[in-house]
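Please open the model in your viewer and keep the sequence panel beside it. The stops below tell you what to select and what is to be found there.

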Amino acid sequence: MFVCMCYNVTDKDIKHAVNTHGVGNIRELKQHLQLGDNCGKCISMAQDIIDTQIIDESLFKDVG
Ligand code: FES
């Protein structure tokens with residue numbers, strides 16, 4: 001699924017950045033991916049994906 005249409009960034013790209021680089025917010029995400037600098041419509045969805053991914057990760061760690 002595309003999150004940022006302007007720069008062709010997908011939810012997978014964002015999840016990958018969270019998992020591999022420990023990205024926790026939009027500012028950190030922008031250090032790894034280009035998104036949000038054109039129309040800005042993707043910012044809130046990108047933040048939601050970061051938040052959800054962090055929650056999923058911590059749940060997984062509790063189980064593991
Ligand atoms: S959709 Fe991300 S900057 Fe436009």
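The tour goes from the whole chain to single elements and residues.

This is a predicted model, in which local features need pLDDT of at least 70 and side-chain atom pairs count only at pLDDT 80 or more, while totals for chains, interfaces and linings use all residues. Residues are numbered from 1 along each chain as its sequence is written.

**Whole chain.** The C-alpha trace spans about 40 × 20 × 15 Å along its principal axes. Of the 64 residues, 22% count as buried, where buried means that 20 or more other C-beta atoms lie within 10 Å of the residue's own, exposed means 12 or fewer, and partly exposed is in between, with C-beta atoms placed from the backbone.

**Helix α1.** Select residues 11-21, which form α1, and show the buried residues I14, A17 and V18. They lie on the same side of α1, because they cover an arc of only 95° around the axis, the arc being that of the directions from the helix axis to the C-beta atoms. On the face turned away from this buried side, look for the exposed residues K12 and T20. Just after α1, G22 takes a positive phi of about 65°.

**The core.** Next select V3, C4, I14, L29, A46 and I50, which have the most contacts inside the largest nonpolar core, a set of 13 residues; such a core consists of buried Ala, Val, Leu, Ile, Met, Phe, Trp, Tyr and Cys residues joined through C-beta atoms within 7 Å. At least two residues of this core come from each of β1, α1 and α3 (43-63). Leaving aside neighbours within four places in sequence, V3 is in contact (C-beta atoms, placed from the backbone, within 7 Å) with residues including V9, I14, C42 and A46.

**The loop at N8.** Move to the loop between β1 (2-4) and β2 (9-10), where N8 is found. Although N8 is not a glycine, its phi is positive, at about 55°. N8 counts as exposed because it has 11 C-beta neighbours inside 10 Å.

**Helix α2.** Finish at residues 26-30, helix α2, which contains E28. With 14 C-beta neighbours inside 10 Å, E28 counts as partly exposed.

Note on methods. Helix = DSSP H or I, 4+ residues; strand = E, 2+ residues; numbered from the N terminus. Contact = placed C-beta atoms within 7 Å.
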